[in-house]
Amino acid sequence: MKNKIESFENLVDALEALPSIGKKSAQRMAYHMVMDDHFGAMKIAHAIEKAVQDIQQCERCGAMSEDELCPVCADITRDHSKLCIVEHAKDILQIEAGGDYDGTYFVIASVEHLDGGKLTDRIEEGVEEVIFAFTPSIATDAMILFIEEKLKDYDLVFTKIAQGVPTGVSLENIDMLSLSRALQDRVKV
Ligand SMILES: [Zn+2]
């Protein structure tokens with residue numbers, strides 16, 4: 001098609017591929033960048049490049065990090081005897097935004113990818129409580145049982161976030177206050 005502005009269409013397609021961006025929003029953003037705000041657009045391009053280059057997974061817990069250890073793992077004032085297991089690194093952002101949790105984290109993408117060695121290494125560093133902060137579902141209940149079984153030889157208290165978190169609703173869609181409360185009101189499993 002001759003009347004297509006190819007680089008504009010490419011930009012729209014790239015933006016539309018992002019989570020929660022529809023065609024119309026993608027078009028609005030692309031138009032804004034190329035027609036209204038060149039400086040802002042270049043700033044975004046630079047920020048994307050830098051973030052993608054600099055951010056890796058924390059060696060210890062799997063969180064986002066710019067260094068070998070993420071800020072939580074590197075922080076000696078955090079309670080390293082508490083280990084909160086989450087499904088995705090992004091769940092940590094959500095819990096940290098609540099600001100009440102003072103322990104540490106471990107990201108477990110799925111049971112199939114469970115790096116048992118890394119988790120047990122972490123447990124052996126003096127963990128006393130394992131907190132499961134999963135989206136409540138039958139699958140995550142099974143995951144909790146599986147991990148508990150794997151860690152049964154350690155002297156641990158297992159808890160999970162309180163039932164205030166509705167079944168099947170992903171943690172990122174739960175408001176911060178509810179998530180903080182669910183963490184505070186965690187129950188034994
Ligand atoms: Zn870490």
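## Exercises on a predicted model

Alanine 30 touches Phe8, Leu11, Val12 and Leu15, leaving aside residues up to four places away in sequence. The structure is a predicted model.

**Exercise 1. Describe how helix H1 and helix H2 pack: at what angle, and how far apart are their axes?**

Step 1. Helix H1 covers residues 6-16 and helix H2 covers residues 23-36. They pack at an angle of about 130°, and their axes are 8 Å apart.

Step 2. The crossing of H1 past H2 is right-handed.

Step 3. On the H1 side, the contact is made by Phe8, Leu11, Val12, Asp13, Leu15 and Glu16. On the H2 side, the residues include Ala26, Ala30, Tyr31 and Val34.

**Exercise 2. Examine serine 20: where is it found, and is it buried or exposed?**

Step 1. Serine 20 sits in the loop between H1 and H2.

Step 2. Its relative accessibility is 78%. Exposed means over 50%, so serine 20 counts as exposed.

Step 3. The backbone also deserves a look: phi of serine 20 is near 65°, a positive value in a residue other than glycine.

**Exercise 3. Work out the site of the zinc ion: which residues coordinate the ion, and what geometry does the site have?**

Step 1. The zinc ion is coordinated by the SG atoms of Cys58, Cys61, Cys70 and Cys73, at 2.3 to 2.4 Å.

Step 2. The angles among the 4 donor atoms are 106 to 115°. Four donors count as tetrahedral if all angles lie between 85 and 135 degrees, so this site is tetrahedral.

Step 3. Along the chain, the donors follow the spacing C-x2-C-x8-C-x2-C. Cysteine 58, in the loop between strand E1 (56-57) and strand E2 (64-65), and cysteine 70, in the loop between E2 and helix H4 (71-74), are 12 residues apart and link distant parts of the chain.

Step 4. Cysteine 58 is buried, at a relative accessible area of 2%. Cysteine 70 counts as buried at 3% relative accessibility.

Note on methods:
Residues numbered from 1 in each chain as written. Predicted model: local features only at pLDDT ≥ 70, side-chain atom pairs only at ≥ 80, totals over all residues. Heavy atoms only, no water. Donors = N, O, S within 2.8 Å, 3.2 Å for Na, K, Ca; no water. Tetrahedral: all angles 85-135°; square planar, octahedral: opposite > 155°, others 65-115°. Helix = DSSP H or I, 4+ residues; strand = E, 2+ residues; numbered from the N terminus. Buried < 20%, exposed > 50% of the residue type's maximum accessible area, 1.4 Å probe, protein only. Axes fitted to C-alpha atoms, helices over the stretch in contact; angles between N-to-C directions. Left-handed = near helix turned anticlockwise from the far one by under 90°. Contact = heavy atoms within 4.5 Å.
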